[in-house]
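My notes follow the order in which I checked them.

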Amino acid sequence: DAADDPVFLGNYARVLSAYDTYHEEPGRSNGAQHLRHNDLVAYFCFEFGFHERLPIYSGGLGILAGDHLKSASDLGVPLVGIGLYYDQGYFHQRLDRDGWQHEEYIDVDHRLLPMQPATRDGLPVTVEIQTRTGTIGARVWQTAVGRTTLLLLDSNVEGNSPEDRELTARLYGGDDRIRIRQELLLGIGGVKALAALGISPGVIHLNEGHSAFAALELIRCRMD
């Protein structure tokens with residue numbers, strides 16, 4: 001029906017034209033043109049909010065991170081984002097008649113989202129994080145925010161324990177153990193994902209303390 005709808009086709013053509021124009025235009029002359037490839041910034045954050053179709057954010061921190069990616073795309077600043085993919089996202093809030101909050105989590109189908117597996121040499125990229133109680137495996141998703149790339153780690157993979165498969169189910173859910181393991185996944189797993197993809201950033205930016213383990217992983221790599 002959409003293919004025979006002239007109104008839809010007109011809107012579709014305008015969106016495609018704007019998309020192509022954006023990607024073909026040069027970056028703004030703001031000094032970013034003097035940055036070199038090895039000036040790449042890796043921007044770690046627990047949440048990224050750039051579109052409601054990918055509900056991996058809850059509020060201000062995620063919107064700030066999402067705006068950083070959008071601005072980097074507009075300005076031509078070399079930047080790659082690293083976060084976690086939450087397949088239930090953040091909860092929908094409902095209030096009952098007595099004013100009590102009820103949380104509703106909705107499963108997100110990754111097949112309907114604007115992302116795909118990150119690959120190198122045609123093979124999907126996966127990482128492993130060693131912990132005191134075993135190995136956490138994760139696959140890496142990739143999505144485009146304009147010209148900027150966002151990498152998202154997902155622990156819902158075969159080989160993980162049921163507990164670890166649910167690590168990336170919900171944003172800001174669970175107890176301290178879950179939070180620490182999520183932060184291990186983001187910090188250490190994020191550094192490993194960059195290395196697995198052959199990405200060597202000149203600067204690592206940690207947006208709040210959630211990704212602090214990235215610094216320890218970088219020190220370990222430097223010592224090796």
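Entry 1, the pocket. I noted that the model is predicted. I looked up the largest pocket and found a volume of about 220 Å³. Its lining includes Val191, Leu194 and Ala195, and also Leu218, Cys221 and Arg222. By class, I recorded eight nonpolar residues, one polar and one charged.

I found six aromatic pairs in the structure. For phenylalanine 46 and tyrosine 172, the ring centres are 5.7 Å apart and the planes stand at 40°, so I logged the pair as tilted. Phenylalanine 46 is in the loop between β1 (41-44) and α2 (60-75), and tyrosine 172 is in the loop between α3 (162-165) and α4, so the pair ties together parts 126 residues apart in sequence. Phenylalanine 46 is buried, at 0% relative accessible area, whereas tyrosine 172 is partly exposed, at 25%.

Tyrosine 172 also pairs with tyrosine 90: the centres are 6.4 Å apart and the planes are at 85°, so this pair is edge-to-face. Tyrosine 90 lies in the loop between β2 (79-84) and β3 (92-95), so this pair ties together parts 82 residues apart in sequence. I listed Phe46, Tyr86, Tyr90 and Tyr172 as one aromatic cluster.

Arginine 147 lies over the face of tyrosine 22, 4.6 Å from the ring centre. Arginine 170 lies over the face of tyrosine 105, at 3.7 Å from the ring centre.

Methods: Residues are numbered from 1 along each chain as its sequence is written. This is a predicted model: local features need pLDDT of at least 70, side-chain atom pairs count only at pLDDT 80 or more; totals for chains, interfaces and linings use all residues. Side-chain values use heavy atoms; hydrogens and water are left out. On a 1 Å grid over the protein atoms alone, a cavity is a set of points where a 1.4 Å probe fits but cannot get out, and a pocket is an open set with protein on both sides within 12 Å along at least five of seven lines; lining residues have an atom within 4 Å of a point. Grid points are joined across faces, edges and corners, and a volume is the space filled by probe spheres set on the points. Ala, Val, Leu, Ile, Met, Phe, Trp, Tyr, Cys and Pro count as nonpolar, Asp, Glu, Lys and Arg as charged, and the others, Gly among them, as polar. Rings of Phe, Tyr and Trp (its six-membered ring) pair if their centres lie within 6.5 Å; planes under 30 degrees apart count as stacked, over 60 as edge-to-face and the rest as tilted. Helices (H or I, at least four residues) and strands (E, at least two) are DSSP runs, numbered from the N terminus. Buried means under 20% relative accessible area, exposed over 50%, partly exposed in between (1.4 Å probe, protein chains only). A charge sits over a ring if NZ of Lys or CZ of Arg is within 6 Å of the ring centre and within 35 degrees of the ring normal.
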